[in-house]
Amino acid sequence: MTNPGRSRLWQKLETHYLNLHSAGTTLSQLFCDDPQRFEHFSLTTDTVFLDYSKNLLTRETRDLLLELARECSLSDAIRAMYRGERLNNTENREVLHVALRTTLPEADPQYNAAVAATLQRMEGFVARVHSGEWKGYTDKPITTVINIGIGGSDLGPAMVTEALRHWHVPPLRTHFTSNVDPAHMRSTLAQADPQTTLFIIASKSFSTLETHQNAALARRWYIENGGDESKVSRHFVAVSANVPKAQAFGIDPDNIFPLWDWVGGRYSLWSAIGLPIALACGMAQFRALLEGASLMDQHFRDAPLEANMPVIMGLLAVWHTNFCGASSQAILPYSQALHLFPAFLQQLEMESLGKSVDRHGEPLRAASGPVVWGSAGTNGQHSFHQLLHQGTHLIPADFIGIVRTLYPQDEDQHAHLLANCFSQSQALMQGKSEDEALAELLARGRDETTARVLARHKRIAGNKPSNTLLLPELSARTLGSLIALYEHKVFVESVIWQLNAFDQWGVELGKQLGERLHAALRCAEPCTAFDGSTNGLITRCRNLDEHA
């Protein structure tokens with residue numbers, strides 16, 4: 001189809017939004033008009049429940065958005081992904097992260113075979129570490145695992161490992177290092193013993209700057225603290241597509257786990273990149289994670305568009321971004337275990353959708369890729385929720401709640417957590433009128449003049465959109481479904497916007513410039529090769545170093 005911003009249906013949606021806005025439509029009124037609105041605007045799968053009734057949309061809105069999905073051939077695009085077509089057109093690659101957790105009869109059987117073989121290798125490796133059979137250079141068992149990676153080789157496995165901390169296998173401790181700032185690696189190494197530490201170097205190319213620098217630092221630390229050079233392979237394994245480079249580092253080829261071009265970094269936690277998850281929680285939990293994702297994969301592939309949870313969430317994101325004027329999306333998990341989930345989604349969504357041209361290189365005629373941010377509830381209520389409620393920005397929010405706690409002895413406290421989750425979405429929807437605020441102040445004994453002034457400050461507009469997602473409990477299985485839900489949501493958005501969600505050319509320029517700037521920082525010659533600001537910053541750093 002043509003760029004969606006040019007289609008007649010797009011114009012129809014714009015007119016529809018203007019009609020809703022000019023009519024003064026409110027969420028509270030929509031609930032009054034339809035007592036069954038909650039049932040009409042909610043969906044459920046085996047593992048996730050979605051309430052999207054607190055969004056400014058009617059049945060007509062939903063019908064128009066579904067018509068847009070059909071006009072954009074969304075169902076064909078979904079089938080194309082599951083068949084293994086080369087949807088990553090700028091890199092001429094298949095997009096088959098779903099093959100890491102779901103058998104795909106439509107695709108080449110080589111993918112299923114490669115995944116099964118890798119899982120079997122991971123299972124054997126994890127068993128050797130957990131049993132103590134795998135030993136360090138002094139024949140002591142491994143007690144510390146440090147994953148060295150960045151981006152998709154860090155955010156996904158770190159988030160899942162933290163979320164599943166309840167299932168960690170003692171005495172193993174798992175850490176993640178990503179930042180090239182040596183303070184990150186040094187602070188992690190301070191908690192480790194070289195005799196009992198295993199490093200996982202996670203890098204498809206085995207040459208990513210941050211990962212390469214941290215791996216080299218870890219290797220120096222190992223040697224400088226008594227490590228046996230001839231037994232490096234007992235302490236370093238790799239997940240990489242570049243076997244020769246990993247071998248040159250000192251890693252045994254048998255301990256180099258594969259990565260494939262048909263799996264993008266931000267979609268790779270389901271692959272051997274998830275090795276630290278399996279080590280931390282056990283292979284059974286890792287397989288449960290895959291199972292949960294597979295359930296959502298099947299739902300996304302088979303459910304009709306109107307009952308398809310990732311489709312509805314993706315279309316809502318398009319509605320908010322392109323018609324309602326939102327440029328930001330808040331992710332609010334009411335679960336401390338999921339406190340890294342917003343950071344994980346930042347990469348998933350913003351690296352995938354942060355594009356300004358379509359699949360054919362033509363400028364987009366519509367906004368794409370909202371800014372994604374958030375934190376765990378209830379902490380956010382005491383920081384940025386003020387802006388959500390009374391700020392001038394329209395910011396859709398996804399609330400994520402866990403129905404049953406892992407700590408039954410604390411059920412009442414968990415009920416407070418859920419009550420806060422629900423009350424925040426209710427407050428965003430309902431708000432508080434100036435008259436209501438005035439009545440409250442007068443009832444508390446304020447004089448009328450003061451009360452009328454304060455009432456303006458206490459007014460909360462309401463009518464702010466949100467979704468609420470509920471997991472019956474937090475487990476590897478439900479977490480797998482939740483992650484896959486957002487992955488597929490992003491794919492839906494990319495199809496509507498007609499862009500490639502699986503490349504990330506925008507990150508390359510900074511890397512290229514960084515190599516030249518690193519050389520300039522280490523050089524004694526006057527710095528004149530760059531713009532005035534960059535030259536000045538480099539010169540200032542050199543001068544400070546000289547006078548330190």
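**View 1. Cys523 and Cys527 in the predicted model.** At 31% relative accessibility, Cys523 is classed as partly exposed. The model shown here and in the following views is predicted. The cysteine sulfur closest to that of Cys523 belongs to Cys527, and the two atoms lie 8.2 Å apart, too far for a bond. A disulfide would require the two sulfur atoms to be within 2.5 Å. A search of the whole structure finds zero disulfides.

View 2. Cys324 is buried, its relative accessible area being 13%. For this residue the closest cysteine sulfur is that of Cys72, at 17 Å, which is again too far for a bond.

**View 3. The open sheet of six strands.** The strands of this sheet follow the order β1-β2-β11-β10-β8-β9, and their pairing is mixed. The edges are formed by β1 (42–44) and β9 (371–374); each has a single partner strand, so one side of each remains without a neighbour in the sheet. On average, neighbouring strands are turned by 20° against each other when direction is ignored.

View 4. Strand β8, comprising residues 328–334, runs parallel to β9 and is joined to β9 by four bridges. Within this pairing, Ile331 is placed opposite Gly374 of β9.

**View 5**

**View 6. The parallel pair β3 and β4.** Five bridges connect β3 and β4, which pair in the parallel sense. Thr144 stands opposite Arg173, a residue of β4. Strand β4 covers residues 173–177 and is mostly covered, with four of its five residues buried.

View 7. Asp154 is located in the loop that links β3 (144–148) to α7 (155–163). Leaving aside residues up to four places away in sequence, Asp154 touches Gly149, Phe176, Thr177 and Ser178. Although Asp154 is buried, no salt bridge is formed by this residue. Arg165 carries the nearest side chain of opposite charge and is 12 Å away, whereas a salt bridge would require a side-chain nitrogen of Lys or Arg within 4 Å of a carboxyl oxygen.

Note on methods:
Residues numbered from 1 in each chain as written. Predicted model: local features only at pLDDT ≥ 70, side-chain atom pairs only at ≥ 80, totals over all residues. Heavy atoms only, no water. Helix = DSSP H or I, 4+ residues; strand = E, 2+ residues; numbered from the N terminus. Buried < 20%, exposed > 50% of the residue type's maximum accessible area, 1.4 Å probe, protein only. Lys, Arg positive; Asp, Glu negative; His and termini not counted. Contact = heavy atoms within 4.5 Å. Pairing = 2+ DSSP bridges. Axes fitted to C-alpha atoms, helices over the stretch in contact; angles between N-to-C directions.
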